[in-house]
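Thanks for coming. I will go through the domains first, then some packing, then the contact between the chains.

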Amino acid sequence: MPTYQINVNGASKTVDVAEDTPVLWVLRDHLDLVGTKYGCGIGQCGACTIHVDGTAMRSCSLTLAQIDGKSITTIEGLSEDGTHPVQEAWKEMDVPQCGYCQAGQIMTASAFLAKNPNPSEEDIENAMNGNICRCATYTRIRKAVQIAAENMD
Amino acid sequence: MTLVRTQLGRRAFIKNTGMAGGGLVLGFSFFNACKPKVAEAVAMELEMPETWYEINGYLKIGDNGVVTIMSPNPEIGQNVRTSMPMIVADELEIDWKNVVVEQAPLNTNLYSWQVAGGSRSISSSWQNLRMAGATARHMLKEAAAQAWQVPASEITAIAGVLTHEASGNSAGYGEMVSAAAQIEVPEEVELKKNSEFSIIGTSRKNVDGKKIVTGKPLFGIDVMREGMLIASLVHPPAFGKQLKSFDAEEVKKMPGIRDVFSVKLYDDDFDKMAFHFTAFNEVVVVVGETTWQVFQAKKALNVEWEDAPEVTQNLTLFGNEMKVKHPAGMEDSESHTKRLKELIASTAKVARRDGNPEQAFKNAAKVIERSYSCPFLAHNTMEPMNFFANVTEDHAELLGPTQTPEWMEVAVAERLGLPLEKVDIQMTRQGGGFGRRLYGHFMVEVAVISQRMSAPVKLVYTREDDMSQGIYRPSYYATYRAALDADNNLIGFHVKAGGIPESPLFANRFPAGSIDNYLAEDFTVDTNITTGAFRAPRSNFIAGAEQSFLDELAEEMGKDPIDFRLELLKRAEENPVGSPESNDYDASRYAGVLKLVREKANWGQNEAGVHRGVSAYFCHQSYVAQVLDVVMENDTPVVQKVTAAIDCGIVVNPDAASNLSEGGAVDGIGHAMYSGLTFKDGAPEQINFDRYRLIRHREAPKAVETHFVESDIDPTGMGEPPFPPIMGALANALYKATGRRYYHQPFITDKPPLIG
């Protein structure tokens, strides 16, 4: 099996996996970074969202070749102690019910706000539309993104 | 003053009285595995004590006054890991910031009803949780009384501090706990008055909030162990098929693959409970080193399937025996609809008959008849089914997401050939339940696989496995008829409802009891597609159908839809039809939520361009009324706002309960509007989120506002009740917005109206 060098949360890691292994399973099974969640495996639910050079991407549909030379951030590396403004807003709104999709929601929201710090409601809905929440906490997610946007100014 | 006899949970206390001799319990854990206690405390920024003292099965107190409270029930997103310990903490009189919450393992000696089902977690443990806290408070006071030589009745306990004002003595719980652990457990304890609650009724944030937003390993699918293997299943591609043979030679050579074999889950003579239900009793198992290797190997496996014969399963549900017949053959949605329509037009079983409904319909000046339907649904918890097991020769350890650990333990023990006490089950946080994890066949599957591999194993379903091997929400059909006299008075009511394979009818719920001539009938259709409980079973369809019909009826009668319901409820309250016991609901509480929502939503003061629908329903002992606002944007109806009024008794954690109300409403809008599982040649046509639609951000209402009825009644259900009625409110608002009625879910594919 080929060896890959990947940059995750600011550290360089070496993994020895088959080349078709999606980044999701490299993170979860080989690097013990299980905050990134498996939901559908086909890029439809957003539970596995990570940042690739700051852009939100679906790790279930990314190969190692596609992230070669790029920096990966997972939920574990979004902040050192859970104090990223998006994480703070999520806690303030007490968003989660089951909580399973929330890492993906937070990763989508944080990449979006970094590029669009003053979003309209419609911008937020469009940005978040790819992330399913089965508990349907959408109204709280929307408010949390608004709070985070205000606090990031 | 409320006195409760501690006998209520005597089992818990007998055990601990035995311990009281020793008093000191280090560690307190039932199992040493998997409890990162230090990490948990650090996360909560609390210093851990040097010594813990177990007071009873629900709590231990440290020598520094920090308290650990066990949360006995499965956490599926209903927030019991926060709200159940809140109840203990309130009676204990401890500052919430000094509480550490720990998930209790399955322990039938200590706890009862460790189930996430029927919206009963809080209501079934309400007394026990309070008693556990109050007993500890009593023992702490007794210890202080002995130390200070003063009467215990003169000692106050407030926020973890014991005080005897007259003598000027004061001590923290941590200082008294070693002595308190030696105090005999009282025969009965005094509970607080409701007016004295200091934590119950206040909003407390999710105890796992920080861990969730930082991606900590909380869920079953996150479990990792040294030497752990991954397993996944290959099941028949359609209902009506079964395993014939498989060729695993090539797959066994694939990288990382350890073994491929078939597993028969239950023996034919196994005495099954309803929760042991499974779609496919024989499956092929692929075991390997990593998840991706196993998922890839599954795709490469050569399996031959054959037609399955008709089978009848004998199941028990709380002592009742049920026979479930699964016919042979491949079913499809078209023939399902045809069969339901045939049966709705023929004779059905009478479930309730008041007065003379036949005569009323014969005398009617006008009869209104409308039919409603809904498809099968997959639960689609975001975390697919999974479980961990480590089975050795004489012990089985299971860890993961299950709503029914106690009932599944029986099946696991039986299948492994181990006594019950050798099977230990622990629960992780769960990525959703919605009823799917009531059916824990995956626990038996992983236990058998671990036993065979002699290794720790985590079983993981793919999304496709999860959606195509479901225990689905049944498909239902209902026809409502109303008889009106020449003056437009309602003189007769008839509901006939059925489903595949169960009827959605609740014959004794509203409007039963409010109409003199009433007939309720139902029927069922056998299927080989496995179905079971889905958030608010049966209510999740019949509420929307009934509440849509009542809306149409009110319009026909020229009445405001809320006034019309209140008139019926007034009749049910003042002069109910049938005996007082025959109606399941409390008409005054039902009317109460309608009146509250009318006030809070400013019903009747319509804004231009806002189209409103109302609905109210009773289930799981709670009452919910909702008003839903739709606006038209580019000729498309958009749900703008939901206003909810809820009577669920005492609300333990109001903000968390509001979250459930918001989620329930949005979930209901989503399922009524978009979701559906259809079948062709026995196989579901939607097996992932590319074809199965769940509601998304853009489709969710902008706001959900929740108002609770102030109440002194012990808590009733909250996880399920907000879900069913919204479907009626949605249909009724859509009618106002678009001019057409919606009868068949999902509404997005509903054909033009049947009104004629």
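**Domains, packing and the chain contact**

Chain B is divided into domain 1 (2-213), domain 2 (220-311 + 385-460) and domain 3 (347-377 + 472-749); these bounds come from an automatic or database domain assignment. This is a predicted model, in which local features need pLDDT of at least 70 and side-chain atom pairs count only at pLDDT 80 or more, while totals for chains, interfaces and linings use all residues. Residues are numbered from 1 along each chain as its sequence is written, and chains are lettered from A and ligands numbered from 1 in the order in which they are written.

Take domains 2 and 3 of chain B. Their C-alpha centres lie 38 Å apart. In the contact, 11 residues of domain 2 of chain B meet 11 residues of domain 3 of chain B; two residues are in contact if their C-beta atoms, placed from the backbone, lie within 7 Å. On the domain 2 side there are 8 nonpolar residues, 2 polar and 1 charged. Here Ala, Val, Leu, Ile, Met, Phe, Trp, Tyr, Cys and Pro count as nonpolar, Asp, Glu, Lys and Arg as charged, and the others, Gly among them, as polar.

Next, a helix pair. In chain B, the axes of helix H11 (residues 405-416) and helix H12 (residues 441-453) come within 9 Å and cross at roughly 30 degrees. Helices (H or I, at least four residues) and strands (E, at least two) are DSSP runs, numbered from the N terminus. Axes are lines fitted to C-alpha atoms, for helices over the stretch in contact, and angles run from 0 to 180 degrees between N-to-C directions. H11(B) and H12(B) are therefore roughly parallel to each other, a label given to angles under 35 degrees. Which residues make the contact? From H11(B) they are B:Met408, B:Ala411, B:Val412, B:Arg415 and B:Leu416, and from H12(B) B:Met443, B:Val444, B:Ala447, B:Val448 and B:Gln451. They divide into 8 nonpolar, 1 polar and 1 charged.

Now the sheet. Chain B has an open sheet of 4 strands in the order S27-S28-S29-S32, with mixed pairing; two strands pair if DSSP finds at least two bridges between them. Strand S27 (610-619) and strand S32 (703-708) of chain B stand at the edges with a single partner strand each, so one side of each is left without a neighbour in the sheet. Neighbouring strands are turned by 20 degrees against each other on average, direction ignored. S27(B) pairs with strand S28 (residues 622-633) of chain B in the antiparallel sense over 10 bridges, and B:Phe618 stands opposite B:Tyr623 in S28(B). Helix H16 (residues 587-600) of chain B packs on the sheet, touching S27, S28, strand S29 (636-647) and S32 of chain B, and its direction makes about 130 degrees with that of S29(B).

Chain A is assigned domain 1 (3-77) and domain 2 (85-152). The C-alpha centres of these two domains of chain A lie 21 Å apart. Their contact takes 15 residues from domain 1 of chain A and 13 residues from domain 2 of chain A.

Last, the two chains together. How many residues of each chain are in contact? The contact has 46 residues of chain A and 50 residues of chain B. On the chain A side, helix H1 (23-30), helix H2 (85-93), helix H3 (102-115), helix H4 (121-128) and helix H5 (138-152) are the elements that give two or more residues. That side of chain A divides into 23 nonpolar, 15 polar and 8 charged residues.

Conventions: Angles under 35 degrees count as roughly parallel, over 145 as roughly antiparallel, 65 to 115 as roughly perpendicular and the rest as oblique.
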